[in-house]
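Thanks for asking me to look over this model.

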Amino acid sequence: MSVVLVTLVLVSRRYIWLYVSRKPDPRPPVADLLRDSEASTNPEALLTEAKRLSWLFNWPKAEPLYIRAEQLFKEKHDTRNEIYARVGRIRAQAETMSWVDVSEMLGQQLEIPVAKGDTKLRLWCLAAKGYTDLEINPASAKKAWTEAQGIAHTLGESDWEMRAKGELGIIAFLEGDSRRAATMVGDAVLSAMASGDVGGEVRYLEMLGNGFNEAKRYGEALAFFERAIKLSTATPDAGFPFMAYEGESATLVSQGKLSEAKNKLALALAVAEQNQKLGHQTMILQLLGELAIQTGDRQAAIRYLEQSADLAQKHKFYRTVGQSMIDLASLYGDTGDLKTAAEYAAMGVEASRKVGDRYYLPRDLTVLADLKARRGFATQAAALYQNAEDVIDAMLVNLHEAYWSSSLAGAMSDTYLHHFELEAREGNVEQALSVLERVRGRTAALFLENKVRFNKDESEQARALEENVSELQLRLMRYRRRERARQSSGPTCRIRAAAGVDPNCLDRIATRMARKAGTPEGDPRELTTR
């Protein structure tokens, strides 16, 4: 208890220190620097204002200032500041080209000797690379932000250090470590609030909202999105909060407010088109496609999703490619065009592999496996299910909170269920039972390691989600009286049990398997209260 209190005191003191050491917002001496005869020829003044705007994520307004500053620094043979302005200009123009090309250009700047020796310049270059690579290569982004965090700490740049921590938290989520992600991003948003970093606060509020959306905690997600939009609107020169509008629309859809969701997306799309934000255009088109699916307008859904996929493919926005392809696969699969659906699903899987999204890859693999199974390719389907289960198991290892592990497993339980059903239909009893044993083994390990605990204070929502993933596991662990265990459990019984025809047979097999594993008999509910 004393350790907890000391930790709380230290954390609170840090937030207080960030608040009292806030830096003033360096507003420019004139409203429009580029139209002022004196300011427009002063590259230092232009760069300072561009940095202020980009810190607020107002890249459209910062872009012309970076372009002009780069030109003037080049004329003055100021290589250091020319690189600084060039990196800003590249980031400002990032969504007008491929993320891969942007990443390559920023990587080239990092290799310039000046950027290697000047730590402040290197910090700026690494941050730009980290933001960019998050879209295409989380492993590379992690490397960039880890180095950036170290440099920021050495330089005493607390704002950049907290931003680096927040970005590493986002990467942790993509790696499947939701608990660590929530802690790091939560700390980043509180630090941003304390230090007055509006741009960082808006970004991490958006990210937390997205995380709650993924966990289907829509009410809490909406509060984060609304706060981000309100803060951005109230802050002069703040960038448009695209992610907040996109996330809020998804929340509104979950609440059945389809008209409001469409209006939010239409507004965000207009701003994205006006500012050539191609990345957000692809995302919004994809969300409009999903919204059309909800309203039953299949043709509009296909049109939006194909537009999103084409634009995303062209500019190598792989994360959006993956989602749009999976949505299209589901649409065509529902109409019985399994061949086309499988082609789209395969492209979705390939896109997820390219971007390294472990969180979404199991979903994509499961969709493709389902389609393979429906087409009669049972062996290929089984291999895909197993691949997805490997990824899910790897993510569950990193989860130490009951809600997040149940949310993840609940969201992905279709993988295990569909795999089990496939093996049962094919008469592969051992493989079907192996799937059940895999789920049971994972859950048992979590209990034994005290990673998952259910108690009287836990929410009904968390329990419901856990029940969704563990339905088969509980059936396997449901023990009957000793005399039923002695009854026959021959081959016919085993096939019926695997196919779900005879629950009593499944219970007898469960008892026998539990004894073999050394698990005591009794009511399986006892395991969930220890």
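1. **Ground rules.** This is a predicted model, where local features need pLDDT of at least 70 and side-chain atom pairs count only at pLDDT 80 or more, while totals for chains, interfaces and linings use all residues. Residues are numbered from 1 along each chain as its sequence is written, and side-chain values use heavy atoms, with hydrogens and water left out.

2. **Overall make-up.** The protein has 26 helices and zero strands; these are DSSP runs numbered from the N terminus (helices are H or I, at least four residues; strands are E, at least two). Of its 530 residues, 52% are buried (buried is under 20% relative accessible area, exposed over 50%, partly exposed in between, with a 1.4 Å probe and protein chains only). Among contacts (heavy atoms within 4.5 Å) with a separation of 6 or more, 62% join residues 24 or more positions apart.

3. **Nonpolar cores.** In soluble globular proteins, nonpolar side chains tend to be buried together. A core here is a set of buried Ala, Val, Leu, Ile, Met, Phe, Trp, Tyr and Cys residues joined through side-chain atoms within 4.5 Å. The largest one has 128 residues, and Tyr-66, Trp-145, Trp-160, Ile-284 and Leu-371 have the most contacts inside it. A second, separate core has nine residues, including Ile-392, Leu-433, Val-435 and Val-439.

4. **Trp-160 and its partners.** Trp-160 is buried, at 13% relative accessible area. Leaving aside residues up to four places away in sequence, Trp-160 touches Trp-55, Leu-123, Trp-124, Ala-127, Tyr-131, Trp-145 and Ala-152. What kind of aromatic pair do Trp-55 and Trp-160 form? The pair is edge-to-face, 4.9 Å centre to centre with 75° between the planes. (Rings of Phe, Tyr and Trp, using its six-membered ring, pair if their centres lie within 6.5 Å; planes under 30 degrees apart are stacked, over 60 edge-to-face, the rest tilted.) Trp-55 lies in helix 2 and Trp-160 in helix 9, so the pair ties together parts 105 residues apart in sequence. Trp-55 itself is partly exposed, at 22%.

5. **Other aromatic features.** The structure holds 13 aromatic pairs. Trp-55 and Trp-160 also belong to one aromatic cluster, along with residues including Phe-57, Trp-59, Tyr-66 and Tyr-84.

6. **The second largest pocket.** This pocket holds about 1,000 Å³ of space. Of its 36 lining residues, Pro-26, Lys-51, Arg-52, Trp-55 and Asp-159 are the closest to its centre. (On a 1 Å grid over the protein atoms alone, a pocket is an open set of points where a 1.4 Å probe fits, with protein on both sides within 12 Å along at least five of seven lines; lining residues have an atom within 4 Å of a point.) Helix 2 gives the most to the lining, with seven residues. The lining divides into 17 nonpolar, six polar and 13 charged residues (Ala, Val, Leu, Ile, Met, Phe, Trp, Tyr, Cys and Pro are nonpolar, Asp, Glu, Lys and Arg charged, and the others, Gly among them, polar).

7. **Two loop residues to look at.** His-77 has a positive phi near 60° without being a glycine. His-77 sits in the loop between helix 3 and helix 4 and is exposed, at 69% relative accessible area. Lys-316, also not a glycine, has a positive phi of about 60°. Lys-316 is in the loop between helix 16 and helix 17 and is partly exposed, at 32%.

Note on methods: Grid points are joined across faces, edges and corners, and a volume is the space filled by probe spheres set on the points.
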